[in-house]
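Subject: Structure handover

Hello,

Here is the structure I promised you. Please open it alongside this note; my findings follow below.

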Amino acid sequence: MRFQHPDRRPAVVTGASSGIGAAAALALAAAGCPIALGARRVDRCAEVAERIRAAGGEAVVHALDVTDPDSVKAFAEQSTRSLGDIEVVVSNAGGLAVGAVHEVDTDEFGREIDVNLMGAHRLVRAFVPAMVGRRRGDIVFVSSDVARRARPFTSAYTASKWGLEGMAHAMQMELEGTGVRASIVRPGPTRSEMGTGFSAEEFEFLIAKWQVWGHARHPRALRASAIADAIVSVVSAPRGVHLNAVEISPEASVVDPEEP
Ligand SMILES: NC(=O)c1ccc[n+]([C@@H]2O[C@H](COP(=O)([O-])OP(=O)(O)OC[C@H]3O[C@@H](n4cnc5c(N)ncnc54)[C@H](OP(=O)(O)O)[C@@H]3O)[C@@H](O)[C@H]2O)c1
């Protein structure tokens, strides 16, 4: 059995190959957590792990596809073998597709739910029972501001994030008194690789439709590091304090009242 210092908090981050997940891995490592990075693009995870090691941190990479139960199970076993008991799980892997509810193929709809919601549940099953057994640990679900207010033409994504938050809220009640915290970090628009596969037409269409319903009121977007900082704050809260849900929005440009 590996000796584990109580201050050593090994962490796993899913979707660590880009965007918010990569930033979360870097920020948690800077906060002292040994990190296991998981995603399908292991080469991209390896680049992030190299940056962590160059800065003096500890990082390992294990392949992960959250839609494959065997892959999630193997990821959990390998991460624990590499780093010791996992104390922090960041469930971040996610994807977004465009389409009207009545036009989206049901199987495609299901594939998005499979990554964003079922994938998160697979992680819960793989990591949380042992945390409950040890009576300590954090699981953080990266949700989205769509969970508070739906965005049109991203229906499967919206449904998956509403489902994710429903699951997380129920978990918060179920885990009360176990020493394990389930938390929600809810980003607003953030610069990452999400949406970079959209055509210019799709992008313009979405923004126009969102604006009709009061979204995308200004063009500003957050850096991925802003979400990573929120994740670090949530898992760094002292025992006895639970930051249940944190929502992060980009600030609009400062309006100068003197300007004509
Ligand atoms: N960007 C935003 O404006 C925004 C706003 C609100 C919430 N979010 C949420 O933030 C999270 C991260 O997204 P991002 O913005 O950082 O986008 P991103 O740069 O596209 O990152 C998505 C990550 O998810 C991983 N992923 C996708 N499918 C996977 C699978 N089947 N198994 C394992 N990993 C998978 C990708 O890795 P591989 O492709 O290498 O597997 C990638 O690392 C998502 O949950 C998203 O819903 C983003």
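Start at the ligand. It is surrounded by 29 residues, and the closest are G15, G19, R40, R41 and G94. Keep in mind that this is a predicted model. Helix α1, residues 19–30, gives the most to the shell, with three residues. By class, the shell holds 11 nonpolar, 13 polar and five charged residues.

Next, the helix pairs.

α1 also packs on helix α7, residues 224–236: their axes come within 8 Å and cross at roughly 50°. On the α1 side, the contact is made by G19, I20, A23, A24, L26, A27 and L28. On the α7 side, A224, S225, I227, A228, D229, I231 and V232 take part. By class, the residues of this contact are 11 nonpolar, two polar and one charged.

From α4, the contact uses F109, E112, I113, N116, L117, A120 and H121. From α5, it uses A156, Y157, A159, S160, K161, G163, L164 and M167. Nine of the contact residues are nonpolar, four polar and two charged.

Is E251 buried or exposed? It is exposed, because 8 other C-beta atoms lie within 10 Å, and 12 or fewer counts as exposed. P219 is 32 residues away from E251 along the chain, and their C-alpha atoms are separated by 10.0 Å.

S253 lies in the segment after β7. S253 is exposed, with 9 other C-beta atoms within 10 Å. Which residues does S253 contact, leaving aside its neighbours within four places in sequence? They are H218 and R220. V115 is another matter: S253 and V115 are 138 residues apart in sequence and 34 Å apart in space, C-alpha to C-alpha.

Best wishes

Notes: Residues numbered from 1 in each chain as written. Predicted model: local features only at pLDDT ≥ 70, side-chain atom pairs only at ≥ 80, totals over all residues. Near = placed C-beta within 6 Å. Helix = DSSP H or I, 4+ residues; strand = E, 2+ residues; numbered from the N terminus. Nonpolar A, V, L, I, M, F, W, Y, C, P; charged D, E, K, R; others polar. Contact = placed C-beta atoms within 7 Å. Buried ≥ 20, exposed ≤ 12 C-beta atoms within 10 Å, placed from the backbone. Axes fitted to C-alpha atoms, helices over the stretch in contact; angles between N-to-C directions.
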